[in-house]
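Have the 3D view open and follow the points in order.

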Amino acid sequence: MRQRLCIGLLAFAIAVCTTSPAAAANKEHQQLMADLRMLQEQSQLLQTLLGSLNDALKAVNTRLDQQNEVNRKAFADSKLVIDNLTNDVRVIREKLDDNNVRIGSLTQEVSSLRTSMQQMSTRPSTTEPDAAGGTPTAGSQPPSGMTDSPEKMWNAAWSDYTAGQYDLAVIGFEAYLKSFPKSDQADDAQMHIGNAYLNDGKNDKAVDAYDKTIRNYPAGNVVPDAYYKKGVALSNLKNAAGAREAWDFVIKNYPDSNAAQQAKQRLLAQTGKPN
């Protein structure tokens, strides 16, 4: 009986020893598989989060680029406004200087006219007809001080220009050019004809006037401004290519002029990039 019991215990121990390692290995395998699935799920979740983060970064970068573009255009517009204001201040200063010159010139002309009138009132009459048939003698001619001077013609045209009477200003400057074609202000007169047309909205005539300024006075100091204003008139006429050509020319050939700086701002506003 005891022998049988020992044999049974030995058989049970052998069975336990042969089955336990297999069960333990199977349980460990299952645990590893579960851990692997968990890692895979976490990896997928991380990839999803990374994709969302990349999309968010792309959106932020796009918004930053758009904001930079808006800021750049705003800066360009502000610079253009400042340059235009600076140019307007310069024009106003020039107008004030011209007005001062005009006042001085008018004062001299009034004095000359007063003197001439006094001389006429004291001069004996010589308007009697001659023996041949009634032609007045030379003493009846008006004094030389009553003829129009260059300053008087210029100031009259300039007064019409500053008053916005552009048609009269054009007539005045054209008369000045006919009377004094070799004057130092001849190129300025031709330039102001173009400016009068431009300010009056007659852009095609302005282009012709600026071309005439460039052609007739190639060495004049107004040539850079003539090219710039020609570009403005062409831009108003929707001729973008012609405007760019005029502005490019003044930038390349007169880089230090105020007109070149204004042309650069115009090109930046038109094309969105510097020349």
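1. Start with how H6 passes H7: the crossing is left-handed, a term used when the near helix is turned anticlockwise from the far one by less than a right angle (right-handed if clockwise). The axes of H6 and helix H7 (residues 240–253) come within 8 Å and cross at roughly 165 degrees. That makes H6 roughly antiparallel to H7. Here an axis is a line fitted to C-alpha atoms, for helices over the stretch in contact, and angles between N-to-C directions run from 0 to 180 degrees. Angles under 35 degrees count as roughly parallel, over 145 as roughly antiparallel, 65 to 115 as roughly perpendicular and the rest as oblique.

2. A word on the source: this is a predicted model, in which local features need pLDDT of at least 70 and side-chain atom pairs count only at pLDDT 80 or more, while totals for chains, interfaces and linings use all residues. Residues are numbered from 1 along each chain as its sequence is written, and side-chain values use heavy atoms, with hydrogens and water left out.

3. Which residues make the contact of H6 with H7? On the H6 side they are Pro224, Tyr227, Tyr228, Gly231, Val232, Leu234 and Ser235, and on the H7 side Gly242, Ala243, Ala246, Trp247, Phe249 and Val250. Contact means heavy atoms within 4.5 Å. By class, 10 of the residues in this contact are nonpolar, 3 are polar and none is charged. For these classes, Ala, Val, Leu, Ile, Met, Phe, Trp, Tyr, Cys and Pro are nonpolar, Asp, Glu, Lys and Arg are charged, and the others, Gly among them, are polar.

4. Do look at the loop between H6 and H7, where you will find Lys238. Lys238 has a positive phi of about 65 degrees, although it is not a glycine. Most residues other than glycine have a negative phi. With a relative accessible area of 75%, Lys238 is exposed; the cut-offs are under 20% for buried, over 50% for exposed and in between for partly exposed (1.4 Å probe, protein chains only).

5. H6 also has a partner in H8. Helix H6 (residues 223–236) and helix H8 (residues 258–271) pack at an angle of about 25 degrees, with their axes 9 Å apart. The two are therefore roughly parallel to each other, and H6 passes H8 in a left-handed crossing. H6 brings Pro224, Asp225, Tyr228, Val232 and Ser235 to this contact, and H8 brings Ala259, Gln262, Ala263, Arg266 and Gln270. The contact of H6 with H8 has 5 nonpolar, 3 polar and 2 charged residues.

6. Now step back to the whole chain. How many helices and strands does the chain have? There are 8 helices and 0 strands, where helices (H or I, at least four residues) and strands (E, at least two) are DSSP runs numbered from the N terminus. Of the 275 residues of the chain, 24% count as buried. Among contacts with a separation of 6 or more, 51% come from residues 24 or more positions apart.

7. Another helix pair is H2 with H4. The axes of H2 and helix H4 (residues 186–199) come within 11 Å and cross at roughly 20 degrees, so H2 and H4 are roughly parallel to each other. Their crossing is left-handed. Trp154, Trp158 and Tyr161 of H2 meet Asp188, Ala189, His192, Asn195, Ala196 and Asn199 of H4. One of these, Asn195, is buried at 8% relative accessibility. Leaving out residues up to four places away in sequence, Asn195 touches Tyr161, Tyr210 and Lys229.

8. Finally, the aromatic rings: the whole structure holds 6 aromatic pairs. Rings of Phe, Tyr and Trp (its six-membered ring) pair if their centres lie within 6.5 Å, and planes under 30 degrees apart count as stacked, over 60 as edge-to-face and the rest as tilted. Trp154 and Phe173 have ring centres 5.3 Å apart and planes at 65 degrees, so this pair is edge-to-face. Trp154 sits in helix H2 (residues 150–162) and Phe173 in helix H3 (residues 166–179), 19 residues apart. Trp154 is buried at 6% relative accessibility, and Phe173 is buried at 0%. Together with Tyr176 and Phe180, Trp154 and Phe173 form one aromatic cluster.
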